[in-house]
Amino acid sequence: MRRPDGLLNHNLLGEDKGPQDACGVFGVWAPGEEVAKLSFYGLYALQHRGTESAGIATSDGERILIFKDMGLVSQVFTEGDLATLKGNLAIGHCRYSTTGSSTWVNAQPTLRPTKYGTVALAHNGNLTNTGDLAELVQKLESSSTSMSGITTDTEIMTALIALQDEKNVEASALAVLPQLEGAFSLVFMDEHTLYAARDRHGVRPLVLGKLETGWVVASESAALDIVGAAFVREIEPGEFIAIDKNGVRSQRWAEAQPKGCLFEYVYLARPDTTIAGSGIHKTRVAIGAQLAKEAPAEADLVIPVPESGTPAAIGYAKESGIPFGLGLVKNSYVGRTFIQPSQTIRQLGIRLKLNPLREIIEGKRIVVVDDSIVRGNTQRAIVRMLREAGAREIHVRISSPPVKWPCYYGIDFATKAELIANGLEVEEIRRSIGADSLGYVSLDGLISATQVASDRLCSACFTGQYPIRIPEDMSEGKLRLEITEVQGH
Ligand code: SF4
């Protein structure tokens, strides 16, 4: 492990973040394979789900080693680091913080000794009963200083598993899972066994894959492709699995009540991932076609905001008959950096990430397709950029309904007050971003494009109807455990 100084990293786009994903998880059980390297490439494939920190834990059957640091997967690990992480099984994590700040100590996997070995755990999602669970940890711990240092819901889960009076990690986990509320796709391990579990609603994705020599668990099916694993199936909502030399054992710890995240289809998941049997790219093309039906425009060219807007723009262009073109060039390498941007660079804002192609844009009526509007700053900057590049008209089309409510299940959009659609009507948003017209796809249109029944989806950020109860203290946001700790409660 290195850099225990809690260094924050910096978002080159300053305050205008858009929806931030909330972690990718990966686990592998494959004796004889280089499990750390497989985890590295698995996390590399899941990098879009979390760019703040990355970590891998491995076990050789005797002890668990862990290495984590702030930064992108490619920044955190060297060949030498991975060579020291020997073992038969491993778990990995890339993080965007939804509970706890973006610091080294909050990076995952988390690790805890238990009376029967060690448990390491990685989490994608966000628990909604962290207050109650933190109290439970305090009760179970004999030391009065027990909660010092616990600043994330992931550490709470790890502590709860470690503190159970059961015979092994498996029994402890099965005792803890029913006490957790909220969204969680977990991979965890002891010295011998890889475990995975998914909340009863299956809010965040989690899939099982097969290697020739073992098994893989990952947030998205695309990560299986990248490490050469065959997709076996999704891990079911409310399912627990254990993988060791005897193969895969599965059991239900709760009855499934599916509420998969609708936003995974719009933006979060990779286009080459499959969720609930639907290819994400194909689904986004269908959403774009639906958008063209619901919000047509008289225009010369359809361009995407790359890359998340690209499939929907293809669908929009196909359905409308308006030619598709690439009018914005993206620097794919802009992400998180430890270099503090200077004031001048900060002011460049969006241009660090996107730059218009004048020869494509000039003199044309443009439809620009994006996946969502959160605060509106990005779209305002894009409209301004396109006008400066000579666009005659700019028609903004969005492949999701207005985001009016925060997500408490693992995506950090913004607070309710920061969401532009929470206070403004569509026409007011249009004026605010400076577009000639603005259109969103309807909720029904979006859901029909996913081909998933609406009662099996969470759409709370669009509707305010939260399928999992939100307690009052969630309003304190992702730093609530740190606030509690500082205040000494
Ligand atoms: S609130 Fe929105 S982003 Fe959060 S889980 Fe539900 S659909 Fe997904």
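In which sense, parallel or antiparallel, do β3 and β4 pair, and over how many bridges? The two strands pair in the antiparallel sense, over seven bridges, where two strands count as paired if DSSP finds at least two bridges between them. The model is predicted, and local features need pLDDT of at least 70, side-chain atom pairs count only at pLDDT 80 or more, and totals for chains, interfaces and linings use all residues. Residues are numbered from 1 along each chain as its sequence is written.

**View 1. The open sheet of seven strands.** The strands follow the order β4-β3-β5-β2-β11-β10-β12 with antiparallel pairing, strands being DSSP runs of E of at least two residues and helices runs of H or I of at least four, numbered from the N terminus. Because β4 (64-70) and β12 (230-234) stand at the edges, each with a single partner strand, one side of each is left without a neighbour in the sheet. From one strand to the next the twist averages 15°. Helix α1 (residues 35-45) packs on the sheet and touches β2, β3 (53-59), β5 (89-95) and β11, contact requiring C-beta atoms, placed from the backbone, within 7 Å.

**View 2. Strand β3 and its two partners.** Gly55 stands opposite Lys68 in β4, and the hairpin of β3 and β4 has four residues between the strands, with Gly61 in the turn showing a positive phi of about 95°. Seven bridges also join β3 to β5 in an antiparallel arrangement, in which Ile56 has Gly92 as its bridge partner.

**View 3. The packing of helices α5 and α6.** Helix α5 (residues 153-163) and helix α6 (residues 169-176) pack at an angle of about 120° with their axes 8 Å apart. The contact involves Met157, Leu160 and Ile161 of α5 together with Val169, Ser172, Ala173 and Val176 of α6.

**View 4. The surroundings of Arg365.** Arg365 is found in strand β22 (residues 365-370) and counts as partly exposed because it has 16 C-beta neighbours inside 10 Å. Arg365 and Arg392 are 27 residues apart in sequence, yet their C-alpha atoms are 5.2 Å apart in space.

Terms used:
Axes are lines fitted to C-alpha atoms, for helices over the stretch in contact, and angles run from 0 to 180 degrees between N-to-C directions. Two residues are in contact if their C-beta atoms, placed from the backbone, lie within 7 Å. A residue is buried if 20 or more other C-beta atoms lie within 10 Å of its own, exposed if 12 or fewer, and partly exposed in between; C-beta atoms are placed from the backbone.
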